[in-house]
Amino acid sequence: MQTPPLSFLVVLPVLLPLMAGAFLLLFDDRLRTLKVTVSLGTILALLAMAVTLLVATDRQGAIVQAVGNWPAPFGIVLVADRLSAMMLVLTALLACASFVFALARWHRAGPRFYSIFLFLLMGLNGAFLTGDLFNLFVFFEVMLAASYGLVLHGSGIARVKAGLHYIPINLVASSLFLVGVSLIYGVTGTLNMADLAGRIPAIGEEGRTLFEAGAAILAVAFLVKAAMWPLNFWLPTTYSAASAPAAAMFAMMTKVGIYVILRLSLLLFGADSGPSAGFGAHWLLYGGLATIAFGTVGVLASQSMPRLAGYSVLVSSGTLLSAIGFGDAAIIAGALYYLASSTLAICAFFLLIELVERGRAAGADVIAVSMEVFGDGEGAGQVEEEVGTALPMTMAALGGAFFICALLLAGLPPLPGFLAKFAMMSALMTPSEGISGSAWALIALLALSGFAALVAMARTGITTFWVPMQASLPSVKAVEFAPVAGILVLCVAMTVFGSPVMRFMTETSQALHAPSAYVGAVMPAPPAAAAPAVPEAGR
Amino acid sequence: METILAIGIGVLGGAGTWLLLRPRTYQVIIGLSLLSYAVNLFIFSMGRLRPGAPPILEKGVAGDPAAFADPLPQGLVLTAIVIGFAMTALFLVVLLTARGRTGSDHVDGLGD
């Protein structure tokens, strides 16, 4: 099997963080300069590779590397197409921001932070690149194991308690994952995603029920990660308890669930998959709508900023899930744009929260909210504060960043949150056969969730930034503010270069809706030469 | 044989699920272990139950695939066992930390 150029780039995003992380385990944590240099070098290399892959896949389509050089249905393949490359770039960007942010303080808060962080990247990259269901499980577990470490990073009762809920939920989800994978293998006799796509139309009647049950169980495992209602009660608590850099990275982890559902639903249950076409789409649609509604209520009810960010993750997940449920290429193109912008926005918001909250006393949010309800608060003593003092630069910069985050999360122009929602809504409103009731529901919920985010962010912003000057201003290092600013600048760039970005998203979405190119790239011979379908069923 | 295996998986899975929903962390971890046993047996059964059929070809012999058990689910089970074991160990550490921090073995860290 000839290897196309750049195919090594498909393996390195998995291999490099694994080797760097394992290498760093050999040294004591006190050798910080070495560890920071190696980790940062690895992350920057990952970013460079991801961008190269993005350009290459955009030009020549899917790049496939058969691991161990076994041909596709027998060996394990790693596949990079536009969607994978885009997710890799997002991962690397979030990793850069979170890691640089952590360099100010958080990397000292617990042992072996660097290795755990790199292993998380390995798991994420592997999950985005693999073309095999069981390997997906392995990379999921690598990612989750690292995330258990990151949840607990920094220790403290809140984190241990959150971990105590987060870990069993994911362990049970992993069990469901295994049950689903083995059911699918039992029916079809393959775990290669491309091979599976070719075999699904030929599954017999009695095997189909079993296969669809397997796919549904598998989907539950992904929906736990993607945090669809009612599988998402763990998320706000866990994300708000985690340290800021960890929470910022976790913004990517829910997107892994979204990515797998998007990939598998269009690859396995696309238009040409026979009787199973569109399997589960209604569940995704209504589940997604319920998730947006739940997230919106949560955003309004949140009394602290980390929880607000946690519920924003839910709104983002719900929007993406219901867009996937529609299965329309134009809607999914908008949804992909939304995925990129909302992931970046939530990452920046999690990092920003830590900086903003630094200067505040614990429980300040709760008091601020109840003050609105009960009228006279403790704030009366602040009246003699000097009026008209210059706003210190820190607060101004943080306030500006908060303002941009609010615009992004609420989806207001001119930032990409608005463009993404606009793209989705315009695609929802121009179908050939009239606008369906669920399309109206999604449009209404998109608008409503944006409005709720605006109200909640405005309320939080007013009680945080428009208060009499606090005695202790948050001391923010440049290295902490730079990642937040960098991500927000990227978001602005997504607007400025909106046309090429949207062109890329549209092509990605169209490629996902025509899975034959993906299957053709992975499977070596024409599909006709493959083994007879369903060899094992009914034995 | 299928019936016995099915009952075994059912009992393990049922007991695991029940224990998982109990309020004490020790019950939860035992429940998780039982559940993972059930899942491992389930994966194994997806290769079909074949008594007396080895999963590995003999050296130098081409062999008839019909005379051999499916090796892939056995490989999957091995991977699942290793990963499940590591995760259980990790959870045990968190559980002990939670016990030390909160002074309670309730899953919500509540007192008795």
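**Entry 1: salt bridges and polar contacts.** I looked for salt bridges between chain B and chain A and found a count of 0. The model is predicted, and I kept that in mind for each entry below. I then turned to polar contacts across the interface of chain B and chain A, where the rule returns 2 residue pairs, both at pLDDT 80 or more.

**Entry 2: elements on the side of chain B.** I asked which elements of chain B form the side that touches chain A. Helices α2 (25-45) and α3 (71-102) of chain B each supply at least two residues to that side. The largest share, 15 residues, comes from α3(B). Sorted by class, the side of chain B that touches chain A holds 20 nonpolar, 6 polar and 5 charged residues.

**Entry 3: extent of the interface.** I recorded the contacts between the two chains: 31 residues of chain B are in contact with 31 residues of chain A. The area buried between chain B and chain A is about 2800 Å², and carbon and sulfur atoms give 77% of that area. I next noted which residues of chain B lose the most area to chain A; they are B:R48, B:M87 and B:R101, which together account for 21% of what that side buries.

**Entry 4: transmembrane annotation.** I consulted the UniProt record, an unreviewed entry, which places the feature "transmembrane region" at residues 6-21, 28-47 and 75-96 of chain B. I compared two of these ranges with the model. Residues 6-21 of chain B are 94% helix and 0% strand, with the end C-alpha atoms 23 Å apart. Residues 28-47 of chain B are 90% helix and 0% strand, and there the end C-alpha atoms lie 30 Å apart.

**Entry 5: confidence in chain B.** I checked the pLDDT of chain B, which averages 86, with 97% of the residues scoring at least 70. Helix α1 (residues 2-20) of chain B has the highest confidence, at 93, whereas α3(B) has the lowest, at a mean of 88.

**Entry 6: confidence in chain A.** I found a mean pLDDT of 83 for chain A, with 88% of its residues reaching 70 or more. Over residues 365-390 of chain A the pLDDT is below 50, and this stretch has 17 contacts in the model beyond near neighbours in sequence. Over residues 527-539 of chain A the pLDDT also stays under 50, and the model has 16 contacts for this stretch beyond four places in sequence. Where pLDDT is low, predicted coordinates should not be read in detail.

Methods
Residues numbered from 1 in each chain as written. Chains lettered and ligands numbered in written order. Predicted model: local features only at pLDDT ≥ 70, side-chain atom pairs only at ≥ 80, totals over all residues. Heavy atoms only, no water. Contact = heavy atoms within 4.5 Å. Buried area = accessible area lost by both parts, 1.4 Å probe. Salt bridge = Lys/Arg side-chain N within 4 Å of Asp/Glu carboxyl O. Polar contact = N/O pair within 3.5 Å; in protein donor to acceptor, adjacent residues only side chain to side chain. Helix = DSSP H or I, 4+ residues; strand = E, 2+ residues; numbered from the N terminus. Nonpolar A, V, L, I, M, F, W, Y, C, P; charged D, E, K, R; others polar. pLDDT = per-residue confidence, 0-100. UniProt positions renumbered as here; feature names shortened; annotations may be inferred.
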